[in-house]
Amino acid sequence: MLFRRLNWNIVGWFRIVSTISSLVIALGLGSMIYHGFQGGQGFQPAHMLRLGLSFTGGTDIAVKFTRPTTADQVKNALAGLGLSEESVTTAGSDGTGFVIQTQTAFANDSAPMWNALNTVAPVDRAASSITAVGPSLGREYLIRALWALIIALGIQFLYIAFRFGWNYIFGLVTVIALVRDAAMMIGIYALADRRADDAFLAAVLTVIGYSVMDTIVILDRIRENTKLMAGSPYDVIVNESIKQTMTRSFNTLATVVITLVALLALGGASLKNFAFALLVGIVSGGYHSIFFSAPLVLYFRKRQLEAAMKRRREGLGADRTTTTRSRSESTALQSRGGVPREDIVAARRERRQKAKTARTVAPAAPVRYRKKRNDVAGGVAVEDVETGEIEAIDPLDAQNAGLHEAAFEQGHEEIKLNLDEFDEPAVQRDAGEEEKKP
Amino acid sequence: MSWNNLKTPFKALVIIAVVALSIWSILPIAQKIHLGLDLQGGSRLLLQLYPTEEVPRITTQVQAQTREVIDRRINGLGVAEPSISNVGTDRILVELPNVKNPDEAERVLKEVAVLAYKIVPPDVAQKATAALTVIANPSLPAKDRAAAEAYVANGAYDASGPVVYSGKDLKAAQAGFDTSGQPNVLFQTKDPSRFGKLTTANIGKLLGIFLDHRFVEAPQIQGAIFDSGEIHGTFTEEQTVTLANELNAGALPVTTKIIEKETIGPTLGKIDLVQSLRASMLGLGLVLLFMIVVYRLPGLLADAALAIYVLIMMAVLALSHATLTLPGIAGFVLSIGMAVDANVLIFERIKEELWNGKSMRAAVRVGFQRAFSAVFDSHFTTIVGAGVLYMLGTGTVKGFAFTLFWGTVVSLFTAVFITRFFVDALVDNDVLTTPELYGIKQSEVGIFAKAGT
């Protein structure tokens, strides 16, 4: 699979992609609100998501009778126990297995439950199980679960800040993707009316980690390509980055999904529940990091630009508080297609370094460029002898690479720049012209 | 010889040592890998200790005392490998693998076993004795039986006078049979003169025996009793053994209540074990296949590293004495998927470098280097989730967090160090020379030499 050869404009799908994921989340939220109103006592937040017995307290029994019976008979036998919110479902096809769930906790004394069940048919205790959590312990576990979530999120945020500290957009996008993945999981659980138990918590924590790493890998590639493709418009950079990392994203997704599907297909009931939660989260994580996060970076960059432009217009008008620096920055940012100045400086420095080492190490190999067209504005138009591609070389690079003649021909003078004190108007000019390039 | 010459043999030695150590530590598997209660059947019970009038505060000392009593009682049950541990300062976790009678075990844990003697008024004794026969008769309506039960459990105790003698004053108890063959408990008193005085003063009256406030019987005091006596009621032989055991083990210093319970029948555990093992084998097999299909020869190398990974993980389980639970298997299976993630990251990067026109040797070197930050990201973010879950997670989820945590740590070693060693060895020995072995066509090499950079 060679996704990078596909001619897909993934960033162009952003609207559809974000609509789909927003729709799922909205549906989930809607069903949570709907559940909140169930029960007849007005809106109750506690009813929004059905919690598992480890968080509410209660009893979960898998019972195996020695002869077949029906769920109704089991229900009747339990009627005298005064259970709250009980449910009886059949397990297996021979009519001997049932799963009983109730919010009444039989932790301290389960004898009444077994006695009642024994009146239906003799219970095979060796093939039955009971899990019970007292109500106050359930509340305690719920609080601990929320703490676990908060601490894990906190550490992930710190890690994101550490990785992208210099770039708040990347950090913000990673956090948004993470929150969306968690929201997807909760939403689909609410839609499916499944119980969110401690296995669900484990799944959410795992998915959050997965989502963060998945997003980081793609954003890292954007960062890398911003330097490598410094001349290109930002949306091309983002699109290329997505396509380059897509195979990786799909394959890592595939390996995890394969194992989860195996668990879902062959695992027991409790494993199935867990595998389902993980599957939802990890597929959502993959979807978001490929189709959502990276285009979202572009979206934010555009917003940033528009804001800068607006500031500039206002600044040119009445508002004198805007500094010349921010005004010139906004113009520059716009003309550079959203590539931040730091990236260009870094890219320049890197290329300059490379050219320098290339010169010192292997001076014998001349760069075989020949001039093709003059109308590639802003840069020195050269054609790669091997591929025939026209490239606009930054005049500075041309200078460094010893292409002075080409630069002079286009009317560029030799530029003497102290790159440590970056000269604003210079970039403004060359980047601005680059943007007009098709 | 320089370090560079020694590097490869040294790495090989490290890998061989790790593999040998792992195999040594997991054999024989059945003894070294401990299965959790959910896979072999058994009971896991969390006890909460509640303060009483005598012990108003639960201190660590009280917890230790309670643990000792529970320890003795559990030993009396004859459970194979019980595990009793403190949780916090006011809880005790009891794990009983393969317990034969879980109900009995539960009862033993919370029964305070306070034996109390009271002088019982004749009408109370009569009513309580009648109630006992009602309870014993299953054909009577449930409502009547419930009322009778309430009277036996508490009513009779409250209606009688003060406690005149208690179980604490008993020296030893023993289960036995009375002359008619009925099971009973024989006891010896610690303080014969006091018991003698008590019985002498109350000849002709009814001496009620209460176990945990529950009415057992109220025999008439026929004469003075000094050093030994017997308790009989409607006990089964088993019950007398338990009662004697409890009286000998001593009373629990505080009230206990089971607040969390997980009891799994052994047959059910076995079914779960077989199912989850089958699922993990399928998952593992599919992942191995996937890697070979997608990454060819390097994929095969990653698979070899994955096999070593499974070995090391089993060794971790064996050496840490952790038990393998059902969620633990889930964590293990998931970590298999994540272990190859690192290899996918690295191999994709190598492929890209090949597309960019690098030589095989350079592509491998640069691929491993450049992919490392992404590999580290994926491991770190997973470790955070697993670590937090291990610290704050509850009961069964801890097993998942444990295997996922260690799985991620170990996979950093196998996917990066071991796979790299394999790939390097093949490249250095000119085995892995053509890109075809990588699953990419010769014609594709260098196709992106200009496009990306």
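# Briefing on a predicted two-chain model

Gln188(B) stands opposite Ser228(B), a residue of strand β11(B). This pair belongs to a predicted model, in which 62 residues of chain A are in contact with 61 residues of chain B.

**Where chain A meets chain B**

- On the side of chain A that touches chain B, the elements giving two or more residues are β4 (129-133), α5 (135-164), α7 (198-228), α8 (234-266) and α9 (269-316) of chain A.
- Sorted by class, this side of chain A has 34 nonpolar residues, 20 polar residues and eight charged residues.
- Strand pairing also links the two chains: β4(A) and strand β12 of chain B, residues 255-264, run antiparallel and are joined by five bridges.
- Within this pairing, Val133(A) has Glu260(B) of β12(B) as its bridge partner.

**The three-stranded sheet of chain B**

- Three strands of chain B form an open sheet in the order β7-β8-β11, and their pairing is antiparallel.
- The edge positions belong to β7 (170-177) and β11 (228-231) of chain B; each has a single partner strand, so one side of each is left without a neighbour in the sheet.
- On average, and with direction ignored, neighbouring strands of this sheet are turned by 25° against each other.
- Strand β8 of chain B, residues 183-189, is joined to β11(B) by four bridges, and the two strands run antiparallel.
- The opening pair, Gln188(B) and Ser228(B), places a residue of β11(B) opposite Gln188(B).

**Strand β9 of chain B and its partners**

- Strand β9 of chain B covers residues 206-211; five of its six residues are buried, so the strand is largely enclosed by the rest of the structure.
- One partner of β9(B) is strand β5 of chain B, residues 115-120, which runs antiparallel to it and is joined to it by six bridges.
- In this pairing, Lys118(B) has Gly208(B) of β9(B) as its bridge partner.
- Strand β10 of chain B, residues 214-217, is also antiparallel to β9(B), with three bridges joining the two.
- Phe210(B) stands opposite Phe215(B) of β10(B).
- β9(B) and β10(B) form a hairpin with two residues between them, and Asp212(B) in the turn has a positive phi of about 55°.

**Domains of chain B**

- The domain assignment divides chain B into domain 1 (3-36 + 265-444) and domain 2 (42-121 + 160-263).
- Taken over C-alpha atoms, the centres of domain 1 and domain 2 of chain B are separated by 54 Å.

**Ser136 of chain A**

- Ser136(A) lies in helix α5 of chain A.
- This residue is exposed, because 12 other C-beta atoms lie within 10 Å of its own and the class takes in residues with 12 or fewer.
- Ser136(A) and Thr56(A) are 80 residues apart along the chain, and their C-alpha atoms are separated by 8.2 Å.

**Confidence of the prediction for chain A**

- The pLDDT of chain A averages 76, and 74% of the residues score at least 70.
- In residues 362-378 of chain A the pLDDT is below 50; in the model, this stretch has 28 contacts beyond near neighbours in sequence.
- Residues 413-438 of chain A also have a pLDDT below 50, and that stretch has 41 contacts in the model beyond near neighbours in sequence.

Definitions and conventions: Residues are numbered from 1 along each chain as its sequence is written. Chains are lettered from A and ligands numbered from 1 in the order in which they are written. This is a predicted model: local features need pLDDT of at least 70, side-chain atom pairs count only at pLDDT 80 or more; totals for chains, interfaces and linings use all residues. Two residues are in contact if their C-beta atoms, placed from the backbone, lie within 7 Å. Ala, Val, Leu, Ile, Met, Phe, Trp, Tyr, Cys and Pro count as nonpolar, Asp, Glu, Lys and Arg as charged, and the others, Gly among them, as polar. Two strands pair if DSSP finds at least two bridges between them. Axes are lines fitted to C-alpha atoms, for helices over the stretch in contact, and angles run from 0 to 180 degrees between N-to-C directions. Domain bounds come from an automatic or database domain assignment. A residue is buried if 20 or more other C-beta atoms lie within 10 Å of its own, exposed if 12 or fewer, and partly exposed in between; C-beta atoms are placed from the backbone. pLDDT is the predictor's confidence in each residue, from 0 to 100.
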